[in-house]
Amino acid sequence: MLKQFVGLTSPKTKSLKLLYSLVRKLGPVRINTLTELTGYKHVTCARLLEELVQEGLIYDSGIGESSGGRKPLMYVIKPDTYYLIGVEITSLFTTVLLLDLNLNILGVEKLKMNSHCSGEYTLNFVAKCVDELMAEHKIQRDKLLGIGIGVLDPIDQERGVIINPHLFPAGGWDNLNIVDYLKQKNNTHIFLDNGTNLAALAEYRNNYWKETDNLVFVSSDMGIRCGTILQGRLVSNKNEMDDAFGHIIVDIHGRRCSCGSYGCLQAYSSLPAIRNEVVRRMKRGKVSFLQEKVNDVEDIDFHHILNALENEDPLCLEVVKEAAYYFGIGLSNLIFLLRPDIVIFGGTLVPKPLFYEVASETAQKRLMHYPNSRVQIIKSTAAYSIVAQGAGCMVLDYFTEETLS
């Protein structure tokens with residue numbers, strides 16, 4: 001029935017869609033709460049909910065507390081009615097997740113990006129993973145709602161392509177329509193969006209939409225980006241400014257950025273900036289474990305840096321601490337502007353030593369001028385899969401999200 005919720009629908013179907021959306025958000029939820037929110041009569045709401053139960057979309061969780069009489073029904077969505085595929089494509093890794101409707105991860109496949117991973121090679125890997133994950137979990141094809149894809153590089157959504165994919169280790173991405181290619185391979189709905197937006201969406205849906213409707217997700221990776229949930233809605237960027245957060249100025253007399261300006265956050269706190277600073281200091285005689293890994297310091301890549309951080313290489317830790325300090329300055333500026341209740345911290349660097357701790361402490365110190373602001377800065381619960389989870393969530397939202405008129 002979820003597939004019937006899309007497009008021109010009858011008033012009854014719209015009502016079913018709205019109720020499903022509310023059960024998804026609020027469950028376990030009582031019928032009395034749903035009647036208050038929708039304005040439906042109790043008997044009408046009960047009849048519609050029973051239809052959703054009969055269709056296998058929702059069920060009684062059995063956890064309602066009795067006040068003396070019969071236990072009230074507490075509705076939740078049935079997570080295994082349909083399934084989702086969430087994909088994250090970056091220049092470091094491509095991740096493919098099989099998800100249920102609660103966004104629980106049922107299966108994971110990863111591809112470490114190297115010189116063999118051209119555009120077609122990577123998308124063929126994604127298509128193969130979809131088939132293998134569905135077969136492994138014995139899921140029939142008609143139970144797949146669609147495939148969502150998150151990309152951290154700027155994208156042209158109308159054409160389904162990555163704009164200037166110069167950081168990928170292999171070619172073949174220019175003018176490659178990701179949506180059309182995977183639609184031909186998998187014959188299902190394909191959705192594409194900015195990865196940081198999708199990370200914000202996944203964190204909001206998974207953890208915070210009962211707590212707040214104003215949330216920001218920030219990420220330091222190959223680029224520096226943020227995704228914003230405002231009044232419960234994902235704020236989309238239609239003007240190719242997905243990486244604007246990375247170009248907040250943190251030092252007007254600072255390093256030259258790839259955009260041509262000086263002192264951008266991107267020039268201090270992104271993975272390329274960290275890698276460049278490590279190489280620069282090694283050339284000036286600083287000692288690092290990385291000297292044992294490469295013959296020429298210019299051969300140091302991002303994977304070398306990440307591995308050195310895990311092994312607590314003193315030079316890399318020193319550089320990352322400085323990068324985190326600047327990120328904290330940029331983050332406090334962002335908080336001053338957007339005033340979110342919660343900031344979620346994600347990206348490749350978050351699980352590594354120092355970065356999250358130093359950046360969040362720096363930001364909080366700069367917020368002390370407003371002691372009543374009480375902004376929470378929280379580490380992402382799933383730093384390496386949150387974008388792909390959000391990509392799957394985008395698919396489910398397409399079929400199920402309904403707003404109160």
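Me: Where do I start with strands and pairing?
Reply: Two strands pair if DSSP finds at least two bridges between them. Strands (E, at least two residues) and helices (H or I, at least four) are DSSP runs, numbered from the N terminus. This is a predicted model, where local features need pLDDT of at least 70, side-chain atom pairs count only at pLDDT 80 or more, and totals for chains, interfaces and linings use all residues. Residues are numbered from 1 along each chain as its sequence is written, and side-chain values use heavy atoms, leaving out hydrogens and water.

Me: In which sense do β3 and β6 pair, parallel or antiparallel?
Reply: Strands of a sheet pair through backbone hydrogen bonds, in either sense. Here β3 (residues 83-89) and β6 (residues 144-151) are parallel, over seven bridges. Look at G86: its bridge partner in β6 is G148.

Me: What is the order of the strands in the open sheet?
Reply: Its five strands run β5-β4-β3-β6-β9, with mixed pairing. β5 (105-112) and β9 (190-194) are the edge strands, each pairing on one side only.

Me: Which helix lies across β3, β4, β5 and β6?
Reply: That's α4 (residues 119-136), at about 25° to β4 (93-99). Contact means heavy atoms within 4.5 Å. Axes are lines fitted to C-alpha atoms, for helices over the stretch in contact, and angles run from 0 to 180 degrees between N-to-C directions.

Me: Which residues line the largest cavity?
Reply: Rolling a probe the size of a water molecule over the atoms shows where empty space is left. Among the lining residues are R255, Y268 and E277. On a 1 Å grid over the protein atoms alone, a cavity is a set of points where a 1.4 Å probe fits but cannot get out, and lining residues have an atom within 4 Å of a point. Helices α8 (271-283) and α10 (314-338) each supply at least two of the lining residues.

Methods: On a 1 Å grid over the protein atoms alone, a cavity is a set of points where a 1.4 Å probe fits but cannot get out, and a pocket is an open set with protein on both sides within 12 Å along at least five of seven lines; lining residues have an atom within 4 Å of a point.
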